Amino acid sequence: MSRKRLCCLDSKEYVEKGGLRCPYCNRSDIEGDLIVETDVGIAWQNMSCIDCNAEWRDEYTLTGYSTFGEDDE
Ligand SMILES: [Zn+2]
């Protein structure tokens, strides 16, 4: 796997854009793997760019929990 240099978005900028842009070419034609893997308190998803074929990994951290609601019924 060849390593490309990040040219557009660093990790913080990527998050600010909601993870909707390729961090390499800044285009929006990106897609995520259907499988989201998890570990203690974190999750990650393999992402790729249709335009420039770059690959990277989205990382998620646990922020809380919600219940299926008694309130909704
Ligand atoms: Zn790209």
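**Figure 1. Asp 39 stands opposite Ile 42 of strand E2.** In this predicted model, strand E1 and strand E2, the latter spanning residues 42-49, pair in the antiparallel sense. Seven bridges connect E1 and E2. Strand E1 itself covers residues 30-39. Strands of a sheet pair through backbone hydrogen bonds, in either a parallel or an antiparallel manner.

**Figure 2. Three strands form an open sheet in the order E1-E2-E3.** The pairing within this sheet is antiparallel. Strand E1 (30-39) and strand E3 (55-61) stand at the edges. Each of these two strands has a single partner strand, and therefore one side of each is left without a neighbour in the sheet. From one strand to the next, the twist averages 25°. In a regular strand, the side chains alternate between the two faces of the sheet.

**Figure 3. Strands E2 and E3 form a hairpin with five residues between them.** The two strands pair in the antiparallel sense, and the pairing extends over seven bridges. The turn contains Asn 53, whose phi is positive, at about 65°.

**Figure 4. Asn 53 is located in the loop between E2 and E3.** Although Asn 53 is a residue other than glycine, its phi is positive and near 65°. Asn 53 is classed as exposed because 12 other C-beta atoms lie within 10 Å, and a residue with 12 or fewer such neighbours counts as exposed.

**Figure 5. Asn 26 lies in the loop between H1 and E1.** Asn 26 is not a glycine, yet it has a positive phi of about 65°. Asn 26 has 16 C-beta neighbours inside 10 Å and so counts as partly exposed; the class of partly exposed residues falls between the exposed limit of 12 or fewer and the buried limit of 20 or more.

**Figure 6. Ser 28 is placed in the loop between H1 and E1.** With residues up to four places away in sequence not counted, Ser 28 touches Leu 20 and Arg 21. Ser 28 and Cys 49 are 21 residues apart in sequence, and their C-alpha atoms are 8.1 Å apart in space. Ser 28 is exposed, because 12 other C-beta atoms are found within 10 Å.

**Figure 7. The protein contains one helix and three strands.** Along the sequence, these elements follow the pattern α-β-β-β. The helix, H1, comprises residues 11-16. Of the 73 residues in the protein, 8% are buried. Among the contacts with a separation of 6 or more, 21% join residues 24 or more positions apart.

**Figure 8. The mean pLDDT of the protein is 90.** A value of 70 or more is reached by 88% of the residues. Among the elements of the protein, helix H1 has the lowest mean pLDDT, at 95, whereas E2 has the highest, at 97. Where pLDDT is low, the predicted coordinates should not be read in detail.

Technical notes. Residues are numbered from 1 along each chain as its sequence is written. This is a predicted model: local features need pLDDT of at least 70, side-chain atom pairs count only at pLDDT 80 or more; totals for chains, interfaces and linings use all residues. Two strands pair if DSSP finds at least two bridges between them. Helices (H or I, at least four residues) and strands (E, at least two) are DSSP runs, numbered from the N terminus. Axes are lines fitted to C-alpha atoms, for helices over the stretch in contact, and angles run from 0 to 180 degrees between N-to-C directions. pLDDT is the predictor's confidence in each residue, from 0 to 100. Two residues are in contact if their C-beta atoms, placed from the backbone, lie within 7 Å.
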